[in-house]
Every structure is written in structure tokens, then in C-alpha cells.
Amino acid sequence: MTVVAPDAELREVHGPSALGGGWRRFFDLLWLISVTEFRRTYFGTVFGYLWSLVRPLMLFGVLLFVFTQVLKIGSELPYYPVLLLLGIVQFTFFQEATTNAVTSVVAQEGVVRKTQFPRLVIPFSTVLTALFNFGLNLVIVLVFVLAWGVDPTWTWLLFPFAMVVLLILTAAVSAILSVLYVRFRDVAIIWTVGAQMLFYATPILYPLGKEGLANPTIEKFLMLNPLAVIFEQVRVWVLEPNAPTAAEAAGGALHLLPALAIFIAICTFAVWIFNREAPRIAEDL
Amino acid sequence: MSVDKATSNQPQTGVRSPAPQPGDPLAIQVEDLRKTFRIPTHRVDSFKERLVRPFSAPDFRELKALDGVSFDVRKGEFFGIVGRNGSGKSTLLKILASIYRADAGTIRMAGRLAPFIELGVGFNVELTARENVVLNGVMMGLTPRETRRRLDAVIEFAELEEFAELKLKNYSSGMLVRLAFSVMLEADADVLLIDEVLAVGDAAFQQKCADAFHEMKERGKTIVLVTHEMSTVEAYCHRAMLIDGGKIRQLGDPAETGREYLKLNFERGVETGEATGGAEGARLLDCWLVDGAGERTTTVEQGEKIRLRAEVEVEREASGLGVGFVLANADGLGLFEFGTPVTAADGSATIPAGEKVLVEAELENPLAPGRHFVHCGVQSDRGGGVYLYVHNALDFVVFGSAQTKGIVTIEHEIEASVEPKGGEER
């Protein structure tokens with residue numbers, strides 16, 4: 001049973017890289033690792049998934065109480081609780097993915113140092129795992145949305161588009177953080193604070209517009225934050241067609257350009273720094 | 001994945017398949033590979049430190065791990081790479097495996113490569129064997145579908161059918177190794193890069209590895225093996241390369257490379273103080289085994305006599321000189337110590353400086369199959385004279401098919417008979 005493989009041609013080996021070994025292998029690995037990780041977390045234990053729901057729901061409960069009963073911010077808005085929940089769920093995705101990504105490459109040291117593993121799979125798999133989680137949480141949000149009597153509109157179809165933008169942003173931030181952490185270990189601490197700041201710099205607790213924040217200057221500043229643009233647009237598309245759109249909040253569509261520029265800058269920086277560092281990660285660990 | 005049973009009991013020496021000829025296609029082509037590591041003397045690993053000292057460039061010293069290495073490996077060739085720790089061989093392997101990037105030079109490779117830098121590194125202990133096998137397969141470049149199709153064969157070869165759904169953290173190390181090896185065979189890559197994996201596992205597993213390597217050779221796979229173990233190189237490799245200080249020191253016949261490697265070991269062994277004790281005064285020039293015909297060997301068949309040779313140079317006049325050896329097994333357990341006094345040609349007990357002493361010993365061989373070591377000591381009778389001790393002066397493999405749980409085979413008589421019936425129960 002002598003099997004002689006057909007002669008393959010000599011091809012140059014380029015060394016480790018972000019993608020390493022072709023697109024198909026990259027996506028196969030990414031998918032497999034994320035699915036396995038997701039299954040392990042949520043199907044291994046009976047309450048696994050319930051636990052993952054508890055955190056955003058608890059936060060939601062506390063904030064809802066504080067803001068509607070104590071501070072009475074959102075009481076003017078009929079959909080404030082749903083808006084709050086949707087915002088929290090979206091932000092939880094961003095936060096969970098990026099926070100897990102920070103230490104991911106270093107945590108996978110064994111794999112990085114001893115196998116020809118496409119480096120980018122590692123932070124991206126934390127994003128994808130968080131995305132699965134996000135998907136499940138969105139089901140709960142949908143239940144709330146319908147229970148609060150929000151009317152479905154055609155603009156719901158635009159929601160996935162917003163989520164794709166959110167996903168790209170999350171992936172880019174994750175890649176940057178994971179690769180910086182290899183060099184600078186205080187990134188983890190910085191990011192804990194950074195994520196917290198972003199939470200407040202995004203209109204989640206306080207709706208924009210005259211029933212909410214009602215402060216055009218601050219709203220303009222907030223629209224520098226790509227997350228804020230996404231979240232506000234989702235609010236318009238999904239819950240309140242009459243709420244100020246991102247462009248309105250920024251004071252004109254042109255004023256959204258800085259946010260777009262920031263978004264593009266983050267993505268470009270992510271590609272650049274990951275490509276630059278990927279070949280050397282194994283040595284720097 | 002059927003291992004040809006007929007081959008499994010053969011001694012593993014001399015199974016070298018015909019060497020690929022110069023006209024055969026190349027599998028790996030390496031040209032002028034260079035790699036320098038910058039080792040920071042003070043590591044800056046936080047933004048804080050960067051901010052505190054923004055303009056002071058971090059100090060580092062340069063370490064040339066590879067300094068212009070070029071070689072070709074032909075398709076179907078079993079190629080050995082040997083070298084001491086820190087010689088650059090692991091760096092070379094990691095560059096070949098796309099784990100490190102070379103500073104300069106090119107590598108070209110034909111077909112799919114599967115690196116095995118260590119058995120089972122890609123494993124996640126929180127996952128089951130099944131999940132790990134799929135993950136590893138994809139990592140080797142198979143599609144998930146292909147991997148799932150081969151899953152059962154892998155688990156079966158590893159003899160782990162009952163434990164397929166068990167998380168790896170609950171596996172014994174033996175089970176892990178079996179699984180890892182099985183995964184590696186199943187990857188079915190064209191070029192295999194293997195680092196020291198033969199050194200793991202018990203005798204039975206080593207035998208299985210040996211069989212598997214034999215089969216891979218038959219199937220025309222190209223194998224690059226990095227090892228310390230000269231016996232493996234001599235038994236399998238068509239060609240071997242010795243790396244020292246990031247450069248190729250010897251490339252060609254495995255036996256030749258093996259001798260060069262031993263020489264290198266001894267040169268350094270004394271220099272770097274692997275020989276303990278301040279007053280040496282003697283040098284172990286060489287230590288080797290010979291077979292029945294007097295030829296050098298690194299393997300001994302089970303039960304066959306061990307013929308040990310050593311050459312010692314006396315550097316300082318010594319009286320009452322003795323040479324001794326300790327035979328140890330792979331676990332480092334000393335099994336047997338033996339030695340002899342050395343007398344000069346004229347019968348006097350004083351050996352003048354500059355003399356060379358040849359030691360010839362012949363031992364019965366009750367050793368179980370596996371790797372063994374010989375430590376060598378030279379000492380004069382009164383302190384302050386000569387004292388030399390070389391740990392692992394020689395390592396060799398006892399091969400054979402008789403599996404045993406012990407470390408030695410002891411001459412014995414044993415008989416079992418069925419008691420005659422009808423006797424009263426006692």
C-alpha cells in the first residue's frame with residue numbers, strides 16, 4: 001500500500017502572519033474555535049446560558065430603577081426601558097468581546113509559540129463567541145420590544161447593517177488591544193477604564209433629543225464616538241422613528257464625517273499594527 | 001492507517017529506505033537563512049515605563065541564532081538535524097514551521113507541512129478528545145469535513161474509543177501522548193517537521209512511533225527530524241546536518257554527522273564544566289559502543305552483549321588512576337556501576353601526563369528495551385590529583401520486542417502446572 005503523493009511545486013514560505021495559511025483555513029479555524037468555545041461555555045452547564053443572561057438583565061434592572069424612579073430621566077419616553085436594554089445588550093457585546101480579546105493572544109501562548117497558527121484567529125474568535133452570545137441576547141430584546149408594543153417597521157431591516165458596522169469596529173478594537181497587550185501589559189488595566197468611559201460616552205443611559213439629554217453641544221461631541229452613532233441610528237431604526245438620527249444629533253450629516261474618520265482610522269490602525277506585529281508575536285511573548 | 005505487523009518486530013536499525021537520488025524533486029529548499037534575536041537587557045513592557053523614559057532606546061544584545069544556513073531536502077528524504085542546546089536548531093525548525101520569521105533568506109517548500117514541535121501543544125484540555133482532534137486537523141490544514149471523516153480512525157489508532165468524549169484534563173499523560181501522535185499521523189501532510197517527539201512515552205509507545213515512522217518513510221513522506229538522539233538519526237535518516245553556533249558544521253552521512261556531534265559534545269563538555277570538580281587533569285576523548293564486528297554503534301539488541309569503549313587522555317601525572325562507569329536508564333536511575341584501575345605499560349601505578357588510555361568493557365545485557373546512558377568518571381587515588389566526571393558521556397538504545405514492566409531482565413526459571421484433580425480442597 002505505497003501511496004505516492006503527486007509532486008507538489010516548491011513554494012516560498014513567508015513565515016507567520018495575521019492570516020497565515022490561506023483564507024479558508026483562517027475561517028475554518030475561526031468558526032471551529034468560536035463554536036467550540038461557545039458550546040463549552042453554554043451547553044456544558046445547565047444554567048450556563050441563563051447565567052450569561054443574568055448579567056445584562058441585572059444591570060438593566062438596576063439602571064432601569066435608578067433612571068426611571070430615582071433620577072426620572074427616561075420617564076418621558078414610552079420606550080425607555082427597551083431602549084436601555086437594547087443599548088446595554090449591544091454594549092455588552094462590545095465590552096465582552098474586547099475585554100476578552102485583550103489577554104487572548106497571551107493566554108494562547110502555547111499555540112502561538114509552537115504552531116503555525118494564524119494569529120488573527122485568536123482575538124477574532126473571542127469576538128465571534130461574544131457575537132453568538134449577543135445573538136441569543138437579542139432574542140430576549142426582541143421579546144421585550146414586542147411586549148412593549150413597538151410596531152415593526154421596514155427600517156428593522158437596516159438593523160443588521162448597523163450590527164455589521166458594530167462588529168467590524170469591535171473586531172478592529174479587539175485586534176489592536178490583543179496585540180498591544182503582548183508588548184504592554186498595562187493595556188488590560190487601561191482598557192477596563194477605557195471601556196467604562198466609552199459606556200458613558202455612548203447614549204445608553206441617557207437618550208438624546210429633547211425628551212432626553214436635550215443638550216445639542218454635548219450631543220455633537222458624543223457623535224464623535226462611532227459607537228454613539230451606531231447606537232443612536234439603531235434607536236431610530238428599531239424603536240423610535242421620531243428620535244433624532246445620528247446626523248441630526250451631530251448637527252448635519254457632514255458632522256458625522258469625524259466619526260467616520262475615527263472609525264476608518266481604527267480599522268486601518270488595526271490592520272497595520274496586527275500585520276506588523278503578527279510575525280513577531282511568538283518571539284515577544 | 002494499517003501498520004504492517006511484519007515490520008514491527010524487526011530491529012529498527014538498517015531499515016533505511018533507499019535514499020532519494022540527486023535527480024529527485026526537492027521538498028524543502030533553504031537559502032542563506034538568517035535570524036538574529038534581540039534580547040533586551042531591560043525589558044520595557046508597559047506604557048508607563050515607555051512614558052517615564054520616552055527617549056531611552058531599550059538596551060539589547062544581539063544573538064545570532066542562525067547565520068547563513070542553506071540546505072536542500074529531497075522529496076521522500078528522512079533528514080536529521082542535530083545540535084547542542086542553543087545551537088540554533090530549534091530556531092531553524094520554528095522558522096521552517098512559520099512560527100518565527102527569518103530576518104533574511106528564503107525557504108521554499110513543496111506541499112503541505114505539518115509541524116510537530118511538541119506533541120499535543122494545540123490541545124485544549126477543557127475540550128473532549130473528539131473536539132481536539134477536529135481542531136488539530138483543521139490547524140494542520142484539513143477541512144473540518146475531512147477531519148470529521150478521519151476522526152474515528154484517529155481515536156481508534158490512539159486506542160481511546162471509550163474516552164472520546166472525555167475532557168483532556170482528565171486524561172493520563174500516556175493517553176494524551178497517544179492521542180497527539182495519532183493526530184499527527186492522521187494529518188497526512190507531505191512534509192513533517194518533528195522535534196524530539198521520539199523521546200516521549202514508554203518503550204511500547206516508542207516502538208509504535210518507530211513503526212509509524214517506518215511506514216511514513218515507505219509512503220514517501222519527507223521528514224525532518226530534530227533530535228539529540230544520535231541513535232535515531234543513524235537508524236532512520238538518509239542525511240543529517242549538524243548545527244553549531246547558527247552555522248552548518250556538518251551535512252551528509254548520518255554516521256559521520258553523529259561522530260562530529262559527539263566530538264563537539266566532548267570538546268564543550270569539559271570546557272563548560274559539565275565535568276564537575278575543580279581538578280580535572282584528564283579528558284574524555286570519546287566514549288562509544290561497538291557491535292560484535294567491532295564497528296561503532298549506538299544500539300544494542302536486547303540480550304546482546306554491551307561492548308563499551310572509552311578513550312581518556314591523562315593531562316597530569318596521576319597515580320592509582322581508576323576509570324569507572326555508571327549505567328543509567330532513561331529515568332536517570334543508576335543501574336550498575338563498574339570500573340577498573342589503570343596501570344601503565346610497565347606495570348607501574350603512575351601514569352605520566354599525555355598518555356592516552358583506552359578502556360574496553362564487555363557487559364552482559366539484561367536491560368529492558370529503551371534509552372540508556374553511561375556516565376564516566378576518572379579519578380586518581382589521592383585527592384588533588386585527577387578527578388573527572390562526565391554525565392551522559394554516551395547514550396544508546398536497547399531495542400527488542402519483548403515488552404517488560406521492569407528495567408532489567410533477570411535470568412530465571414519459572415514453571416506453572418495444573419494441579420492434579422481429585423485432591424481435597426485445602
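Analyst: Let's start at A:R11, which stands opposite B:M109 in β4(B). That spot belongs with the antiparallel pairing of β1(A), residues 10-12, and β4(B), which runs over three bridges (strands pair if DSSP finds at least two bridges between them; strands are DSSP E runs of at least two residues and helices H or I runs of at least four, numbered from the N terminus). This is a predicted model, where local features need pLDDT of at least 70, side-chain atom pairs count only at pLDDT 80 or more, and totals for chains, interfaces and linings use all residues. Residues are numbered from 1 along each chain as its sequence is written, while chains are lettered from A and ligands numbered from 1 in the order in which they are written.

So what about confidence at this spot? β1(A) is where chain A's confidence is lowest, with a mean of 75 (pLDDT is the predictor's confidence in each residue, from 0 to 100). At the other end of the scale, α6(A), residues 159-183, has the highest value in chain A, 94. Chain A as a whole averages 84, with 92% of its residues at 70 or more. Residues 1-6 of chain A stay under 50, and the model gives that stretch seven contacts beyond four places in sequence (a contact has C-beta atoms, placed from the backbone, within 7 Å).

Now zoom out to the interface. Here 41 residues of chain B touch 36 residues of chain A. On chain B's side, the elements giving two or more residues are β1 (26-40), α2 (47-52), β4 (104-110) and α4 (129-139). That side holds 21 nonpolar, nine polar and eleven charged residues (Ala, Val, Leu, Ile, Met, Phe, Trp, Tyr, Cys and Pro are nonpolar, Asp, Glu, Lys and Arg charged, the others, Gly among them, polar).

α4(B) packs on α5(B), residues 144-157, at about 130°, with axes 9 Å apart (axes are fitted to C-alpha atoms, for helices over the stretch in contact, with angles from 0 to 180 degrees between N-to-C directions). α4(B) is therefore oblique to α5(B) (under 35 degrees is roughly parallel, over 145 roughly antiparallel, 65 to 115 roughly perpendicular, the rest oblique). α4(B) brings B:A129, B:R130, B:V133, B:V134, B:G137 and B:V138 to this contact, and among their counterparts in α5(B) are B:P144, B:L151, B:V154 and B:I155. By class, the tally is eight nonpolar, two polar and three charged.

Chain B also carries an open, mixed sheet of six strands, ordered β5-β6-β7-β3-β8-β9. β5 (113-116) and β9 (247-252) sit at the edges with a single partner strand each, so each has one side without a neighbour in the sheet. On average, neighbouring strands are turned by 15° against each other, direction ignored. α3(B), residues 89-96, lies across β3, β6, β7 and β8 of chain B and runs at about 150° to β6(B).

Another open sheet in chain B has four strands, β11-β10-β13-β18, with antiparallel pairing. Its edge strands are β11 (296-297) and β18 (356-363), each pairing on one side only. β10(B), residues 282-290, is joined to β13(B), residues 306-314, by eight bridges, with B:R283 opposite B:E313. Elsewhere in chain B, β15(B), residues 322-329, has seven bridges to the antiparallel β16(B), residues 334-341, and eight to the antiparallel β19(B), residues 370-379. B:G324 has a partner in both: B:G339 in β16(B) and B:G377 in β19(B).

Back in chain A, look at the helices. α3(A), residues 80-107, and α5(A), residues 121-147, pack at about 165° with axes 8 Å apart, and are therefore roughly antiparallel. Their contact has 18 nonpolar, five polar and one charged residues.

Conventions: Two residues are in contact if their C-beta atoms, placed from the backbone, lie within 7 Å.
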